[in-house]
Amino acid sequence: SEFEGIKPRLKVTAGESVKRGDILFENKKNEKMLFRSPCCGTIKAVNLGARRAPVEILIEKSAQEESITFESYTRATIGQLTREQVADHLLNTGLWPLIKQRPFSRIADPNVAPKAVFINAAGSAPFQADFKAILKGDAEAFETGISTLGKLTDGQVHLCRSAGSDIRAFDHAENHTFSGPHPSGNTSVHINRISPIQPHDTVYTIAAQDVILIGKLMLSGELPRNKVIALGGPEVKQEYRKHYRVPLGASLQPLFAKALEDGKELRIIAGTAL
């Protein structure tokens with residue numbers, strides 16, 4: 001469900017060892033679109049759903065880490081790349097699916113150049129991670145991610161922030177601020193106010209934190225390791241209502257076991273409750 005619209009072709013089986021960055025599966029519709037392992041370990045199980053489609057790959061992380069590395073860049077060398085080179089690099093490294101395409105909010109088609117790219121750093125829904133906390137220490141990676149996304153369009157990269165969020169303006173992007181109650185932080189609102197979609201238009205969208213992940217990949221040549229989440233809601237114990245830096249792909253059950261109230265029927269929601 002995290003990769004809606006693709007047809008996966010598995011490249012691993014239970015019992016195999018994988019390095020961090022090894023290919024787990026590819027998209028049958030576009031074999032350049034690869035999905036790579038977020039950790040080094042052993043494939044414990046590949047769980048199948050309807051029509052034997054894979055729905056979950058369980059990896060037991062090993063104590064020793066081996067990683068696959070890719071080519072690294074600076075913001076100067078990114079400026080010398082073509083759109084095709086950037087798209088192929090993101091497809092090969094497994095980060096392309098972070099980019100969505102409007103209309104329909106599906107994984108972006110790398111063969112269709114959008115009229116604009118929208119970066120959402122203005123979440124207004126409750127219990128969302130604060131982008132100011134996410135950005136801490138990663139401004140260079142964020143700027144590099146913006147430069148990378150700029151190579152995918154002949155139009156503008158639009159960075160949308162919340163009014164009063166104290167997130168500075170960044171180069172290589174049109175900077176916008178939105179205020180007011182939800183849904184002022186929704187990407188659909190941003191597109192409608194800044195560059196409405198006309199018939200036959202294509203627009204790329206991406207969450208601001210995912211721009212950091214792309215920037216880290218470009219700078220280091222390695223897959224990013226962590227992301228920041230927020231845990232909130234009425235059934236979360238008070239002392240656990242805060243931000244967490246968690247490994248990409250990792251199970252959150254150990255955190256939930258400590259943070260959630262016991263003995264109650266709970267519904268855990270990933271993303272916005274609205």
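1. Two strands pair if DSSP finds at least two bridges between them. That rule applies to the hairpin in point 4, where two residues link strand E3 to strand E4. Please keep in mind that this is a predicted model.

2. Overall fold. The protein chain has seven helices and 14 strands. Its radius of gyration is 19 Å, close to the 19 Å that the globule rule gives for 274 residues, so the chain is as compact as a globular protein of that length. Along the principal axes, the C-alpha atoms fill a box of roughly 50 × 45 × 40 Å.

3. Of the 274 residues in the protein chain, 40% are buried. Take the contacts between residues at least 6 apart in sequence: 60% of them join residues at least 24 apart. The accessible surface is about 15100 Å². Carbon and sulfur atoms account for 47% of that surface. The protein chain carries 35 positive and 30 negative charges, and the mean positions of these two sets lie 3 Å apart.

4. Is strand E3 mostly covered or mostly open? Mostly covered: four of the five residues in E3 (residues 23-27) are buried. E3 pairs with strand E1 (residues 8-10) through three bridges, running antiparallel. In that pairing, leucine 10 faces phenylalanine 25 of E3. E3 also pairs with strand E4 (residues 30-36), again in the antiparallel sense, over four bridges. Here glutamate 26 stands opposite leucine 34 of E4.

5. The open sheet. Three strands form an open sheet with antiparallel pairing. Their order is E2-E5-E6. Strand E2 (17-18) and strand E6 (54-61) stand at the edges, each with a single partner strand, so one side of each has no neighbour in the sheet.

6. Where E2 meets E5. Strand E2 and strand E5 (residues 41-48) are antiparallel partners, joined by two bridges. Which residue of E5 is the bridge partner of valine 18? The partner is glycine 41.

Technical notes
Residues are numbered from 1 along each chain as its sequence is written. This is a predicted model: local features need pLDDT of at least 70, side-chain atom pairs count only at pLDDT 80 or more; totals for chains, interfaces and linings use all residues. Side-chain values use heavy atoms; hydrogens and water are left out. The radius of gyration is taken over C-alpha atoms; the globule rule is 2.2 Å times the number of residues to the power 0.38. Buried means under 20% relative accessible area, exposed over 50%, partly exposed in between (1.4 Å probe, protein chains only). Contact means heavy atoms within 4.5 Å. Accessible areas come from the Shrake-Rupley method with a 1.4 Å probe; for residues, only the protein chains shown count as cover. Lys and Arg count as positive and Asp and Glu as negative; His and the chain ends are not counted. The place of a charge is taken as NZ of Lys, CZ of Arg, CG of Asp or CD of Glu.
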